[in-house]
Amino acid sequence: VTSTTETPRRPSRAGRPPLWRDVRVLRVAFQLAVLAVVLVIIGVLVGNVRANSERLGIPTGFGYLDRPAQFPIPDSDFRQTQPIRDAVAEGFANTLRVALAGIVAATVLGTLVGIARLSGNWLVRSAARVFVEALRNIPLLLLIIFAYLSIALTTFPRIEQAWEPLGLAVISNRGVNIPWFDGSSWPVLLGLAGAAVVTWLIARWRRALADRTGADAWPAVWAAPAVLVVLAAAWVLGGLTPTVPDLDGRRITGGIRMSPEYFAILFALVIYTASHIAEIVRGSIQAVDRGQNEAAEAVALSSGQRLWYVVLPQAFRIAVPPIGNQYLNLAKNSTLGAVVSYFELAQVTSISVGNGAPAVPSYLLTLAMFVLLSLALSAVVNVVNRRLALVER
Amino acid sequence: MAAALVHRRPDVGRWLRKNLFRNRLDGVVTVTSAVAIAYLLYRVVRFVLVTGRWDIVRVNLKLLMVGRYPDVHLPRVAVSLVVAGLVAGLIAGVVHRRQVEAGTSAVAGMGLGERVVDLVERFWPLILGVVLVLGLSSTPGPWLAAAGAAAACLLGRLVGGRVPRATHGALVVAAIATPFALVAYLADGAGWDGWGGLMVNVFMAVAAIILCYPLGCCSRSGDVRRCR
């Protein structure tokens, strides 16, 4: 018997097509050509900016950051004699104040409205639908201007007739004052961080115990008192005292003040983003297989239990990536605060440039800071997404 | 066994129990929501009908709609609306006919009254917007333009349902080209600096929607092979 099996041979050099017809070579060459074109365009643009800046005597470095800002920032300790560097830092802090508070509030409101969109109650369902349809179809810029002019400055009363709901807040066209605390913010931040760590540790311990013994985990029940203890310790050790806003004639003492500008941008961003998050939550709930709900009903779970234990955990797995996009949009949309003179990062940059700071490095710095903020938010969302993702075998 | 089809009259009490008062908690939610919504509605209606000052809109309506577009060229806006209505009607007619032929039309079996209700349900925001604008206008021009556009749309709908199938492709291409032609026609009257108001918003939106497709397709074309 003669074996006819041949050992596979690599194609000889002579058998290969010529370079200009070799698909692998052509692919690499095409990508190199595109890269070269992109690099040439970037080089031309950078060279153009440098040449024009030098011709006009505009510095292209970042030395301007040490010059005095020459403008004050309302509702802050920043003075106009301080350098632009501090103004940029204050502007970025204001951006963070809007973005982080907005993300938390929009998530809560959006989730509630999204669930309400699927409510069996016709009135609640219809109201949620009107909320979503109305706000999703209004330009955010107009919403911010409307919130500022029509709510913060017009609907809210003058300081003499300020609203004082339950004696806990003072609301007027000078701003919204809410209860706060006297003292440094550090004990609060450390207390919150400690509470988060304690919650994580207790949840891990209870889940491990549940896996080992089959007992109920109840991580929230166990974590709640520990969190309260940690927060109370931070409060006492930090020497914090609560203050409630008090109206004395035209003067308000105590509490913390939200300026009309901050209120307008935060309010508009929250309701606008919440309307988008609501649709994401609704779509995610409807994307959960109907059989899951029916199975939960079959084992006699109540409608609330079905929602909390069966539907929402699966829905949020679907919802996290698009909700993360909404967080990024919210952070970027905070730059629209400039229309109501809220001193966030873009507004500070704009005023700095108006006062003589070079435009190109100023805006490059602003762009870089927004890229960093967006990447940081994306990283957090990606971590949550990975934690929630199904582990496939 | 003969199945008797009983035409049950709408029962308000049953509807209320099923949709608003399923249980005690639902009742509390309904009452609380109703109070809040009633208060909001009261404030909105009071503002719209009593305290709101709409004269500023009436006086500046032309500025809001077409900006500084020259008065002598305003008929171009009306002609553009009529042409846009005609083309929209033609495409609607073509789509309807193809749906009927494929057996997927949702409105094929409806009577005229039902069709009108269906149209109002689908296009109520557009109708409401037009009615609001016309209600604030004090000249016959906007009324004539709106009536002309509506008539052209109806005519296009009737004709579109009867044109031969072979021409459908050409009609779609013409519909895509129409916005560009209308923009050129409007710009011919006032140049690019004369645009403003809602007209420039519509122009930007249409241009962006049309241009985003080729750009998006080009930028993602590298992923096509990966998707296969």
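Good morning. I begin with Asp26(B), which is found in helix α2 of chain B; helices here (H or I, at least four residues) and strands (E, at least two) are DSSP runs, numbered from the N terminus. This is a predicted model, in which local features need pLDDT of at least 70, side-chain atom pairs count only at pLDDT 80 or more, and totals for chains, interfaces and linings use all residues. Residues are numbered from 1 along each chain as its sequence is written, chains are lettered from A and ligands numbered from 1 in the order in which they are written, and side-chain values use heavy atoms, with hydrogens and water left out.

Asp26(B) is buried, with a relative accessible area of 7%. In this talk, buried means under 20% relative accessible area, exposed means over 50%, and partly exposed lies in between, with a 1.4 Å probe and protein chains only. What does Asp26(B) touch, leaving aside its neighbours within four places in sequence? It is in contact with Asn121(A), Asn19(B), Leu20(B) and Phe21(B), where contact means heavy atoms within 4.5 Å.

Axes are lines fitted to C-alpha atoms, for helices over the stretch in contact, and angles run from 0 to 180 degrees between N-to-C directions. On the α3(A) side stand Leu123(A), Val124(A) and Ala127(A), which meet Val29(B), Thr30(B), Ser33(B), Ala34(B) and Ile37(B) in α2(B). By class, the residues of this contact of α3(A) with α2(B) divide into 6 nonpolar, 2 polar and no charged. For these classes, Ala, Val, Leu, Ile, Met, Phe, Trp, Tyr, Cys and Pro count as nonpolar, Asp, Glu, Lys and Arg as charged, and the others, Gly among them, as polar.

I turn now to a packing within chain A. Helix α9, residues 303-333, and helix α11, residues 359-388, both of chain A, pack at an angle of about 170 degrees, and their axes are 10 Å apart. The two helices, α9(A) and α11(A), are therefore roughly antiparallel. Among the α9(A) residues in this contact are Phe316(A), Val320(A), Tyr327(A) and Lys332(A), and the α11(A) residues include Phe370(A), Leu377(A), Val381(A) and Asn385(A). The contact of α9(A) with α11(A) has 12 nonpolar, 4 polar and 2 charged residues.

Within chain B, how do helices α5 and α7 meet? The axes of α5(B), residues 74-102, and α7(B), residues 140-160, come within 6 Å and cross at roughly 25 degrees. This makes α5(B) roughly parallel to α7(B). Among the residues making the contact are Gly85(B), Gly89(B) and Gly93(B) of α5(B), together with Gly148(B), Ala152(B) and Gly156(B) of α7(B). The contact of α5(B) with α7(B) holds 13 nonpolar, 7 polar and 1 charged residues.

Next, some individual residues. Thr155(A) lies in helix α4 of chain A and is partly exposed, with a relative accessible area of 36%. Not counting residues up to four places away in sequence, Thr155(A) touches Ser150(A), Trp163(A) and Arg43(B). The side chain of Thr155(A) also reaches the backbone oxygen of Ser150(A) at 2.4 Å. His276(A), in helix α7 of chain A, residues 260-287, has a side chain that reaches the backbone oxygen of Tyr272(A) at 3.0 Å. With residues up to four places away in sequence not counted, His276(A) touches Arg136(A) and Gln326(A).

Finally, which backbone angles call for notice? Asp75(A) has a positive phi of about 60 degrees although it is not a glycine. Asp75(A) sits in the loop between α1 (23-56) and α2 (84-116) of chain A and is exposed, with a relative accessible area of 53%. Leu166(A), likewise a residue other than glycine, has a positive phi near 55 degrees. Its place is in the loop between α4 (140-155) and β1 (170-172) of chain A, and Leu166(A) is exposed at a relative accessible area of 82%. Thank you.

Terms used:
Angles under 35 degrees count as roughly parallel, over 145 as roughly antiparallel, 65 to 115 as roughly perpendicular and the rest as oblique. A polar contact is a pair of N or O atoms within 3.5 Å; within protein, one must be able to donate a hydrogen and the other to accept it, and residues adjacent in sequence count only if both atoms are side-chain atoms.
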